[in-house]
Amino acid sequence: MVKTFGSFLIFMQSMLVRKERFAVLWKRTIDECVLIGTDSVFIVSVVAAFIGAVTCVQISYNLISPLIPKSTIGYMVREMTILELAPTITSIVLAGKVGSSIAGGLGTMRITEQVSALEVMGINSASYLVLPRIVASILMFPLLVILAMLLSILGGYLAGTLTGAISASEYIEGIRSDFIPYNITFAIIKSIVFAFLVSSISAFKGYYTEGGALEVGAASTGAVTNSIIAILLADFVLAAILL
Amino acid sequence: MIEIHNVQKAFNGNAVLKGINCTFETGKCNLLLGGSGTGKSVLLQCIVGLMKPDLGSITFDGTVFTNNKVDIRQEIRRKIGMLFQGSALFDSMTVYENTEFPLKMLTPEMSKEERRDRVEFCLKRVGLENAGNKMPSEISGGMKKRVGIARAIAPNCTYLFCDEPNSGLDPATSIKIDELIHEITHEYGITTVVITHDMNSVVEIGDHIIFLHKGEKLWDGNKDQILTAKVPELREFIFSSSLVRAAKRVDEESEGGLEALANEPLSEV
Ligand SMILES: Nc1ncnc2c1ncn2[C@@H]1O[C@H](COP(=O)(O)OP(=O)(O)O)[C@@H](O)[C@H]1O
Ligand SMILES: [Mg+2]
């Protein structure tokens, strides 16, 4: 465990020495951003909308006291999605999508000697292959999380009004009451930390794959499992520190 | 000229290279010959710097490569072209982009037009002028090797390394790839090192042959000397193929049968 962590740190450091030209890395980063975006925008949207909808329906089911105003439902949907559900669930979904694709992609490049081909050309393969993926994740995760927040709240609105649990004006009143902007900042900080964890852990797993196709599959699964555990741990730590 | 001096390498106490001394001559196809698992790929990886030898040194035209300063190693690396056993083409790029890649990365000062000319020249040289837009997954094994060669020679390499360029190819394609490597070597006067366990390659392109056996160099010479070499392990290696044994049997069974066969005209392939 300690040894793995040590080699992880060495891996991170190797990425930062002997870097390629900025223009090359920047172009690779943009390519990766597009890939992450197009790959995951659909699944993130679907998950976010349904989570918002389910949250809304379940809260209204639990809120039976006539003393509590209906707008509380809207308020609670907003608080839950912004603080926890949007950043964490989205990142877990992305761990499955982006993490497995990073680990699988790098693992395949490793076992088919494409990594060696880069090294023979005198290119620092870690910096060329991994750095753009990590930076792209750090850029894209927050955007996808913000999208997820909006869609969750929208999903809650649709579910609430369509099932008749809450009226449109009550819901909107709820989501506009007692808004704390810092919660958004907190969610974005979370998503940046999760982005770094998912991309670097998956890259580490994929980059050091040895063997054949079977090991690439194992690296992908390992990347997803480890990323999710890391997300949940970090979620707890960040909440303890920053809230 | 590449000089290998006392190169040793072990994995977990298991010695794979036991002190190799040899030289690879400029302008020649130097073959590393030996059975599977004798450490040929490990030696090649030590030479190109993908692996660090435990002991010994490697010198490229007088410049020490092993344990030298990063700048100097980098300088040498930029002169190295390598064809990998599985071709190792970047599978997200087309044939054209694969060939252009080292130019983009290593010679940023080159203009777009110069780059295009160079890529087109290299693709034409390996006979793939019409395949530039194809993806690696769409082309045959032989074509992949050609792209690998084009990518290796694109930045005007001084040293060309090929790890089993014939693996996975049919005999006719193998011969064509061998010939291509041989022609390129002589055309540009580069130092070429080819790993092989294929006797066809040996008699075809073996300007200088080094025979490895269990991590040791047992023989070196050229293709005219190899058939009469006295080293038992080498003779075992050469004459162990079923074709040679079958030919011997025919020869023994019918007096002069082999000669009669050899004198028959070959049909055009
Ligand atoms: N990275 C490695 N780790 C451990 N053992 C290795 C490694 N690479 C090669 N070997 C061992 O070294 C020996 C020689 O391998 P290799 O050079 O690939 O043989 P070949 O001559 O067929 O190319 C084999 O027994 C192989 O198991
Ligand atoms: Mg080999």
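Strands S4(B) and S5(B) form a hairpin with two residues between them, and Asp61(B) in the turn has a positive phi of about 45°. Strands such as these are DSSP runs of E with at least two residues, helices are DSSP runs of H or I with at least four, and both are numbered from the N terminus. This is a predicted model, in which local features need pLDDT of at least 70 and side-chain atom pairs count only at pLDDT 80 or more, while totals for chains, interfaces and linings use all residues. Residues are numbered from 1 along each chain as its sequence is written, chains are lettered from A and ligands numbered from 1 in the order in which they are written, and side-chain values use heavy atoms, with hydrogens and water left out.

**Strand pairing**

Two strands are said to pair if DSSP finds at least two bridges between them.

| Strands | Bridges and direction |
|---|---|
| S1(B) (residues 2-11) and S4(B) (residues 55-60) | five bridges, antiparallel |
| S4(B) and S5(B) (residues 63-64) | two bridges, antiparallel |
| S6(B) (residues 80-83) and S7(B) | four bridges, parallel |
| S7(B) and S8(B) | five bridges, parallel |

**Strand S7(B)**

In a regular strand the side chains alternate between the two faces of the sheet. On one side of S7(B) lie Tyr159(B), Phe161(B) and Asp163(B), on the other Leu160(B) and Cys162(B), and all of them are buried, that is, under 20% relative accessible area with a 1.4 Å probe and protein chains only. Because five of the five residues of S7(B) are buried, this strand is largely enclosed by the rest of the structure.

**Helix H6(B)**

Helix H6(B) has 18 residues and reaches 26 Å from its first C-alpha to its last, close to the 26 Å expected at 1.5 Å a residue, where the expected span is 1.5 Å times one less than the number of residues. At its start, a side-chain oxygen of Asp170(B) reaches to within 3.2 Å of the backbone nitrogen of Ala172(B), and after the helix comes Gly189(B), whose phi is positive, near 60°.

The buried residues of H6(B) are Ser174(B), Ile177(B), Asp178(B), Leu180(B), Ile181(B), Ile184(B) and Thr185(B). They cover an arc of only 155° around the axis, which puts them on the same side of H6(B); the arc is that of the directions from the helix axis to the C-beta atoms. Among the elements that cover these residues are S3(B), H4(B) and S7(B). Thr185(B) has a relative accessible area of 0%, and, not counting residues up to four places away in sequence, Thr185(B) touches Gly27(B), Lys28(B), Cys29(B), Ile190(B) and Thr192(B), contact meaning heavy atoms within 4.5 Å.

**Helix H4(B)**

In H4(B), the buried residues are Arg115(B), Arg118(B), Val119(B), Cys122(B), Leu123(B) and Arg125(B). These cover an arc of only 160° around the axis, which puts them on the same side of H4(B). They pack against H3(B), H5(B) and H6(B).

Technical notes: Buried < 20%, exposed > 50% of the residue type's maximum accessible area, 1.4 Å probe, protein only. Polar contact = N/O pair within 3.5 Å; in protein donor to acceptor, adjacent residues only side chain to side chain.
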